[in-house]
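Biologist: Please take a close look at the part where the two chains meet. I would like one connected account of it.

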Amino acid sequence: MAGWILLGIVVIAFLWFVIVYNGLVALRNQVQNAWKQIDVQLKRRHDLIPNLVSTVKGAMEFEQDTLEKVISARAKAVAATGPQDKAVSENMLTQALGKLFAVMENYPQLKSNENVMQLQEELTSTENRIGFARQFYNDLVASYRTKQQIFPNNFLVNMIRGFNPEQYFGAAQADRAVPTADLSLRAR
Amino acid sequence: MPFTFIEIEEQKTRRIWVFFLVLLFLYFATLATLLAAASEALSLPYGTFLNTRVLLGLSFVSLTAATLHFCFSTMDIIRFLHDNLAAVKPDPEDGIHQQLLNILQEIQVVTGNRKKIDCVVIPTLAMNALAAVDLRGNATIAITEGLLSRLTRPQLEAVVAHEAYHILSGDCLEATVAASLFGLPASALEKLSGTLVPDFRLSPAFLLAHLLLKLSQLLNMFISREREYRADAGAVRMTRNPLALAEGLQRVSRSWRGIGYIGGGLEMLCMVNPRIRATDESEGWWANLVSTHPPLRNRIRILAAMAHVGLSQVIEQTAPRKRSDGGDSSEPVFYALDPRHQWQGPFVLSELSILPWMSPLTWISDGGQAVERAWKIPRIGQAVFMQRLAQDQKQATGFLCPSCRQPLLEISYDRTQVYQCHFCGGVLVENAKIARIMARGDAVYTDRVRALSKTVMKENLGKRLKGPAEPLPVETEALRICPSCKNRMMRTFYSLAYLVEIDRCNYCGVTWFDPDELEMLQCMIVNKMAADPLEPSPVG
């Protein structure tokens with residue numbers, strides 16, 4: 001009798017192990033896939049920026065500083081590797097682009113240019129896609145982490161290797177800061 | 001509210017099976033009734049068919065019939081919707097359509113590219129959206145032009161997310177299946193009953209079918225009300241922007257949302273019910289039973305609460321702004337009868353002018369009892385038609401079209417000058433030029449013109465054989481006014497051989513051809529489709 005009970009416990013433990021292990025593997029792959037999806041969107045953004053810069057360059061000759069910041073931020077973002085590094089450099093690029101868009105508001109001839117409008121829509125869409133891909137990635141990371149840390153899965157994760165807690169793709173501190181507006185109407 | 005969004009989301013529905021079982025039951029009940037009626041008619045003893053073998057056979061037959069019905073009715077539902085609503089694929093050259101395509105891509109990203117979703121645009125000014133999926137896995141989101149142009153980007157994104165949730169959660173498949181199982185036969189029956197003789201409508205078979213369909217429609221409605229709440233919740237989870245969805249819904253609730261005739265039962269696929277009904281905005285068991293859509297007010301309130309704002313703030317945000325250019329709010333509005341014979345509106349003059357189907361012959365109402373052709377209302381003539389001519393840079397002549405009362409344009413037809421109406425397409429030709437035009441007729445005509453010529457010829461031959469071959473007697477009021485000398489024109493056949501009705505002015509020698517009549521006449525003459533009274537069908 002005791003032998004049967006023991007066997008039952010072993011079978012249940014084995015089944016539990018298989019279910020949890022497979023679940024973790026599936027989630028890990030999904031997280032990796034979601035990360036690659038962010039990459040796809042980031043690449044899209046990097047490809048669009050040179051177009052935008054060359055289109056607006058002529059009209060915005062007094063804004064060389066802003067344009068150069070965008071270009072250098074893009075170069076850094078392209079070179080970045082790993083979630084942490086990427087998050088930082090992409091956030092810088094987001095800021096530089098935000099500044100560029102804000103400055104572009106001062107140039108009515110740009111707003112009436114169909115090419116620029118189209119590029120701006122593409123970039124807006126890309127920004128949204130990056131945001132959404134990031135959201136999807138972070139949601140997956142959250143459920144992956146939860147699955148690793150809940151009882152009794154945490155024992156299993158500690159026993160075997162290969163399941164490291166993935167990093168969140170966070171927003172930079174600067175993103176959360178309240179923007180300050182300059183309303184002094186200074187001549188640029 | 002009986003449930004929170006989280007609870008609604010957690011309710012997993014597998015109701016397609018229920019539909020199938022209901023369908024099975026309906027078939028079984030119908031067959032059993034027919035069998036009973038047959039045994040009654042043959043005056044067989046009671047209970048002849050009440051044995052296991054017959055019941056098994058009946059079950060088998062109804063199972064087969066239900067399966068076939070299920071598979072076939074849900075095959076082509078998306079194409080049916082496209083055809084019925086004249087939906088078109090977004091034009092990538094168009095900025096607004098491109099934005100829609102981008103938004104759809106964004107929503108695919110946020111759902112992890114789980115399913116390929118297409119989108120189409122319904123060319124109407126109404127504000128509505130719908131999603132449809134068929135059993136083959138094709139998914140489509142349809143958005144009206146009105147919605148596209150009047151919502152902001154975040155609002156549109158929330159609406160697309162709402163529809164995408166319907167598709168991804170599977171409840172859209174359920175609704176589409178329900179709609180196509182019972183809704184399509186219902187709309188077919190509606191159409192049928194319009195064309196058939198009245199006697200048929202009283203036959204028991206028809207009444208039974210009608211009753212069953214109504215019952216099953218009731219069933220659909222009973223179980224599909226909360227799916228809109230669920231989709232709202234799903235949309236918020238995707239876009240994390242409850243306020244945009246609330247504002248979007250508020251805008252939709254304030255404007256007109258009909259999307260044209262879809263057919264019985266398919267309304268449940270829309271984001272808001274295109275047929276406005278009192279039960280939609282109320283709660284309680286009866287409203288839950290008969291309504292496919294929950295109260296909009298309730299949906300907006302829940303969404304606003306998620307964004308920590310009050311309902312009044314949402315209403316204020318989306319209230320139409322006063323025009324800053326001095327335009328007063330008491331601008332006159334009009335309703336127009338569209339080509340499908342449905343009243344649309346209200347439109348202000350600028351909106352009327354961009355309606356693609358608006359013509360001088362469109363029936364217009366100002367909201368009161370009076371209904372007039374558009375050309376009879378001078379304000380519309382000035383603001384809409386003259387402006388269109390000016391936009392197209394057309395040089396108007398002094399002649400007025402006898403049906404549209406708009407200036408005719410001088411154009412070149414078969415290399416001679418004639419006067420054409422920009423709106424109806426009718427042509428004014430000086431009599432001397434008619435022979436020239438006929439001689440230059442091209443042997444190649446479109447199938448439409450050929451078919452038209454044949455039909456007109458056949459019809460008019462019948463008319464001519466019945467009555468005198470003289471000009472048809474018509475009341476003077478109905479006769480056209482000559483664009484050139486303003487006298488009444490004579491309505492007659494072109495000749496006894498070529499039976500096309502034309503309007504001829506005997507004072508100044510011009511002839512008015514209604515749209516297609518000139519081509520038909522040329523086609524008849526070139527192809528020698530002359531009328532022969534001895535042969536009932538002159539053209540084969």
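Modeller: The contact between chain B and chain A

16 residues of chain B are in contact with 14 residues of chain A (contact means heavy atoms within 4.5 Å). This is a predicted model, in which local features need pLDDT of at least 70 and side-chain atom pairs count only at pLDDT 80 or more, while totals for chains, interfaces and linings use all residues. Residues are numbered from 1 along each chain as its sequence is written, chains are lettered from A and ligands numbered from 1 in the order in which they are written, and side-chain values use heavy atoms, with hydrogens and water left out.

Between them, chain B and chain A bury about 1,300 Å², of which 48% is on carbon and sulfur atoms. Buried area here is the accessible area (1.4 Å probe) that two parts lose on being put together, summed over both.

Chain B and chain A have 10 residue pairs in polar contact between them, both residues being at pLDDT 80 or more. A polar contact is a pair of N or O atoms within 3.5 Å; within protein, one must be able to donate a hydrogen and the other to accept it, and residues adjacent in sequence count only if both atoms are side-chain atoms. On the side of chain B that touches chain A, the elements giving two or more residues are α5 (95-110), α7 (153-169) and α11 (227-239) of chain B. Helices are DSSP runs (H or I, at least four residues), numbered from the N terminus. Of these elements, α5(B) gives the most, with seven residues. By class, the residues on this side of chain B are three nonpolar, eight polar and five charged. Ala, Val, Leu, Ile, Met, Phe, Trp, Tyr, Cys and Pro count as nonpolar, Asp, Glu, Lys and Arg as charged, and the others, Gly among them, as polar.

A salt bridge is a side-chain nitrogen of Lys or Arg within 4 Å of a carboxyl oxygen of Asp or Glu. In one salt bridge, the side chains of A:E121 and B:R153 meet at 2.9 Å, N to O. A:E121 lies in helix α5 (residues 114-149) of chain A and B:R153 in helix α7 of chain B, so the pair joins two chains.
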